[in-house]
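This report describes selected helix contacts, aromatic pairs and individual residues. The sequence and structure are shown first.

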Amino acid sequence: MGDFVARIPGADQKESMVMRQMVFGEGFIETMNMELKEGRFFDHSFSDSLSIVLNESAVNKLGLSDPIGKKLQEIAADQNPREYTIVGVVKDFHFQSLHVDLKPAVIQSSQGPNQLNVTKLALKIDGDTSAVLHQLEEKWNSFVPSVPFKTYFLDTSIQRFYQSEKATGKIFGVFTFLAILIACVGLLGLSAFVINQRVKEIGVRKVLGATVPQIMFLLSKDFTKLILVAAMISIPISYFWMGSWLDNFAYSIQLNGLIFILSGLAAMLIGLIVICIQSVKVAVANPIKSLKDE
């Protein structure tokens, strides 16, 4: 891809616009599942050497209400201006990372003056990928044995746009797991200490008729309050931080508060499970042993 500087014929040179330049051949739109909004794509039955296809962003920025058949003049310092005819409009598609706004783009035919810029072949493989690639390599070597045969998959190329996000996600995943593990161990120790201080109280309550669920509720309610306070502090901070991170993307999802509520409930559930491990041991113990232990 390069830059394509163009203007509507007759317009002042100051009104020129810079667009991303792409050179595609016939069939590319079907291969990449691009959506044609108006007109047509390149076809061998037409002389498309001076035909171009624009994306929606380019049409909107040029202010063209009916672009099909209109002329666009390329401005180049090293050659006479060429006039191209707009034959089609494709729906906006992302050719850069989602960090970047969609930019105006012009697609030229591989039959045109920039045909030497065509250096790649896009294929959609249906079947045994390895076998197809092997056949392609054999065919390639029969034509240009001096040039190495190189391939890559589009999804792999797209993933490279977000390598830093993937690395950050893995790091945060590891530290989140460690934080949860440390918190659970700390909560387990704290609950064991607090419950041990109330062993005789629990014994008296059991003698007076308290049930196991009642004792478990008594022991867990104070810890539940602490977990709720922690969630109320952490959820707004997490929401603000995630919103700031998503601002780095020109195109991103809208944060759903339900995700943070469910995260808080999950934290509370984990905390209650840890507390119940200690509570059950005391609640089902024989109260006589705890009362006579002075």
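A crossing is left-handed if the near helix is turned anticlockwise from the far one by less than a right angle, and right-handed if clockwise. The model is predicted, so local features need pLDDT of at least 70 and side-chain atom pairs count only at pLDDT 80 or more, whereas totals for chains, interfaces and linings use all residues. Residues are numbered from 1 along each chain as its sequence is written, and side-chain values use heavy atoms, with hydrogens and water left out.

**Helix packing**

Helices (H or I, at least four residues) and strands (E, at least two) are DSSP runs numbered from the N terminus. Axes are lines fitted to C-alpha atoms, for helices over the stretch in contact, and angles between N-to-C directions run from 0 to 180 degrees.

Helix α6 (residues 199–207) packs against helix α7 (residues 212–246) at an angle of about 150 degrees, and their axes are 10 Å apart. The two are therefore roughly antiparallel to each other; in this scheme angles under 35 degrees count as roughly parallel, over 145 as roughly antiparallel, 65 to 115 as roughly perpendicular and the rest as oblique. The crossing of α6 past α7 is right-handed. On the α6 side, Glu-201, Ile-202, Arg-205 and Lys-206 make the contact, and on the α7 side Ile-215, Leu-218 and Leu-219 do so; contact means heavy atoms within 4.5 Å.

Helix α5 (residues 163–197) also packs with α7: the axes come within 12 Å and cross at roughly 165 degrees. This pair, α5 and α7, is therefore roughly antiparallel as well, and α5 passes α7 in a right-handed crossing. Residues of α5 in the contact include Phe-172, Leu-187 and Leu-190, while α7 contributes Leu-219, Phe-223, Trp-241 and Trp-245.

**Aromatic rings**

The structure holds 8 aromatic pairs. In one of them, the ring centres of Trp-140 and Phe-149 are 6.0 Å apart and the planes stand at 55 degrees, so the pair is tilted. Rings of Phe, Tyr and Trp (its six-membered ring) pair if their centres lie within 6.5 Å; planes under 30 degrees apart count as stacked, over 60 as edge-to-face and the rest as tilted.

A ring also takes part in another arrangement: the charged end of Arg-40 sits over the ring of Phe-46, 3.8 Å from its centre. The criterion is NZ of Lys or CZ of Arg within 6 Å of the ring centre and within 35 degrees of the ring normal.

**Exposure and position of single residues**

Buried means under 20% relative accessible area, exposed over 50%, and partly exposed in between (1.4 Å probe, protein chains only).

| Residue | Relative accessible area | Class |
|---|---|---|
| Trp-140 | 35% | partly exposed |
| Phe-149 | 24% | partly exposed |
| Gly-257 | 33% | partly exposed |
| Leu-178 | 38% | partly exposed |
| Asn-33 | 62% | exposed |

Asn-33 lies in the loop between α1 (28–31) and β3 (36–39). Its phi is near 55 degrees, a positive value in a residue other than glycine.

Leu-178 belongs to helix α5. Its C-alpha atom is separated by 14 Å from that of Ala-267, 89 residues apart along the chain. Gly-257 is placed in helix α8 (residues 257–283). Between Gly-257 and Asp-66 the C-alpha to C-alpha distance is 43 Å, and the two are 191 residues apart in sequence.
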